[in-house]
Each structure stands twice: as structure tokens, then as C-alpha cells.
Amino acid sequence: MSNNQDSTKRIAELLLEAQAIKLSPEKPFQWSSGWLSPIYCDNRVALSYPETRTYIKKMLAELIKKEYPDAQVVVGVATGGIAQGALVADLLELPFAYVRPEPKKHGMGNQIEGRIEKGQSVIIIEDLISTGGSSLKVVDVLREAGIEVAGMVAIFTYGFAVAENNFKAKDVKLSTLSNYNALIETALEHDYVNSSQVESLGAWRVAPDQWGK
């Protein structure tokens, strides 16, 4: 196993241990979209565990240095990417800003919080990628402000085909620390799920809108 595979599965293991990711094929969760899901992911939970938080921070920083060395500003996606982004920006000694889902309704009416100059290159930090829709709205906001988007990094992705297509359509490079395949392998190895449940988990990833119906 390569170092990259090691770290990918290690991230998945840490998220499972912290219960930032929960797997429940028999009693699925319901997303706001109406999809039934055998997995629930809230990577903000990982912030409550210093060792896990530090490992994720270091891995994100290393990923940015490797894939986006010319990024001048770290930008978090509200709300999940704010804390992670600030931690990483501090480690990289780069400026930090974040983008709201919509403009503030009072004061200056900002949607971009922090200072980014036109023409600067930014790297966006997100905690989780599902379809990519809300994350890519941040790309639109930044580009409309004359800011160059080098790419996006995230802790975890479900790996949906629709997300891959959405990122391609926006011409945005996405890099993640871990992914659904690594999660299922790790969950099976550490007895979070059994082999029969893995089949159901795999079927969900292929057709999440139809799973459980």
C-alpha cells in the first residue's frame, strides 16, 4: 500500500472512530434532498478530537503544497470549511477568508468575509463533497469578484458521478483526503460493517436517488 493509500484509509479510520461518519444500511438516514442514505457524515465532529484535527490539518496542508503551491489565500466554505480552512491557513501562514451561502443581510452585505484582492489565486477548503452543488456556488461568487480559483480540497467525497460532472463543467480541480471506496474498505477491515452490508453500501453510491425505494 502506498503512502497515499495509507493516509486515505487512515483519514477514513479516524472519521469512523470519531463518529463523524456513521454507517447504518438497515436504518438509513434521510437527506434534505429526500434521498435515503446508509451513511451520515459530519466532519465538524472531528474538530472535537485534537489528534484527529491536527492530522487532518497537516494532511490538507500537505495536499495544498503539493497540488496548489501557488495559492495565495485559503478560502473556507461556510460553515463546514471555515474552521478547517482557518487551521490550514494558519499552518501554511497564508491569509484566510470564507464565503457565505448568501450575502449578509445587514452591515456591509458581504458574501466574501475577509480580504482577497482581484487576481489573487485561492484554494477553497470544504469538509465534504456530495453533489458539489453548494461548494461550486462558492467558485461562482469568487470568480464574479475577479478572483482566480486554483482548485478545491476537501476531507471526504462520496465520489458521485454527478459531482465529478459538476466539477468538470465548472473547470474546477478537486483533491480530497479520503473517499467512499477507502471508507468502505476501512469499515469492513475494522468491523464497522459486514460483507453483506458492503453490497448495499456499494449499490447506494451507484444510484443514491433510487436506493432504499
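In this predicted model, serine 130 counts as partly exposed, at 25% relative accessibility. That value falls between the cut-offs of under 20% for buried and over 50% for exposed. Serine 130 sits in the loop between E8 and H4. Setting aside residues up to four places away in sequence, serine 130 touches Trp31, Tyr158, Phe160 and Ala163. The UniProt annotation "binding site", from an unreviewed entry, covers Ser130.

Under "binding site", the unreviewed UniProt entry names Arg100, Lys104, His106, Glu126, Asp127, Leu128, Ile129, Ser130, Thr131, Gly132, Gly133 and Ser134. These residues span 35 residues in sequence, and their farthest two C-alpha atoms are 30.5 Å apart, so they do not all gather at one spot. From this set, Arg100, Glu126, Asp127, Leu128, Ser130, Thr131, Gly132, Gly133 and Ser134 belong to the lining of the largest pocket.

Leucine 128 lies in strand E8. Its contacts, apart from neighbours within four places in sequence, are Cys41, Asn43, Ser135, Phe156 and Tyr158. Histidine 106, which UniProt also lists, is placed in the loop between strand E6 (96-99) and strand E7 (112-113). Histidine 106 counts as exposed, because its relative accessibility is 54% and the cut-off for exposed is over 50%.

The pockets come next. Rolling a probe the size of a water molecule over the atoms shows where empty space is left. The largest pocket has a volume of about 760 Å³. Its lining is made up of 32 residues. Nearest the centre of this pocket lie Glu126, Asp127, Leu128, Ser130 and Ser134. Three elements each supply at least two lining residues: strand E4 (39-41), strand E8 (121-129) and helix H4 (133-144). Helix H4 gives the most, with 6 residues. Sorted by class, the lining of the largest pocket holds 13 nonpolar, 13 polar and 6 charged residues.

The second largest pocket has a volume of about 310 Å³. It is lined by 13 residues, and Asn4, Ser7, Leu63, Lys66 and Leu177 are the closest to its centre. Helix H1 (3-17), helix H2 (50-67) and strand E10 (174-179) each contribute at least two residues to this lining. The largest share comes from H2, which provides 5 residues. By class, the lining of the second largest pocket divides into 3 nonpolar, 7 polar and 3 charged residues.

Charged side chains also pair with one another. The whole structure contains 8 salt bridges. One of them joins lysine 9 to glutamate 189, with the closest N and O atoms 2.5 Å apart. Lysine 9 lies in helix H1 and glutamate 189 in helix H6 (residues 180-189), so this pair ties together parts that are 180 residues apart in sequence. Lysine 9 is buried, because its relative accessible area is 12% and buried means under 20%. Salt bridges also link Lys9, Glu185 and Glu189 in a network.

Other salt bridges form within a single helix. Arginine 10 pairs with glutamate 13, and their closest N and O atoms are 3.3 Å apart. Both residues lie in helix H1. They are 3 residues apart, about one turn of the helix. Arginine 10 is partly exposed, with a relative accessible area of 34%. Glutamate 13, by contrast, is buried, with a relative accessible area of 17%.

A further pair is found in helix H5 (residues 161-169). Here glutamate 164 forms a salt bridge with lysine 168, and the closest N and O atoms are 3.4 Å apart. The two residues are 4 residues apart in the helix, so about one helical turn separates them. Glutamate 164 is partly exposed, with a relative accessible area of 45%. Lysine 168 is exposed, with a relative accessible area of 59%.

Conventions. Residues are numbered from 1 along each chain as its sequence is written. This is a predicted model: local features need pLDDT of at least 70, side-chain atom pairs count only at pLDDT 80 or more; totals for chains, interfaces and linings use all residues. Side-chain values use heavy atoms; hydrogens and water are left out. On a 1 Å grid over the protein atoms alone, a cavity is a set of points where a 1.4 Å probe fits but cannot get out, and a pocket is an open set with protein on both sides within 12 Å along at least five of seven lines; lining residues have an atom within 4 Å of a point. Grid points are joined across faces, edges and corners, and a volume is the space filled by probe spheres set on the points. Ala, Val, Leu, Ile, Met, Phe, Trp, Tyr, Cys and Pro count as nonpolar, Asp, Glu, Lys and Arg as charged, and the others, Gly among them, as polar. UniProt positions are given in the numbering used here, feature names are shortened, and annotations may be inferred rather than shown by experiment. Buried means under 20% relative accessible area, exposed over 50%, partly exposed in between (1.4 Å probe, protein chains only). Contact means heavy atoms within 4.5 Å. A salt bridge is a side-chain nitrogen of Lys or Arg within 4 Å of a carboxyl oxygen of Asp or Glu.
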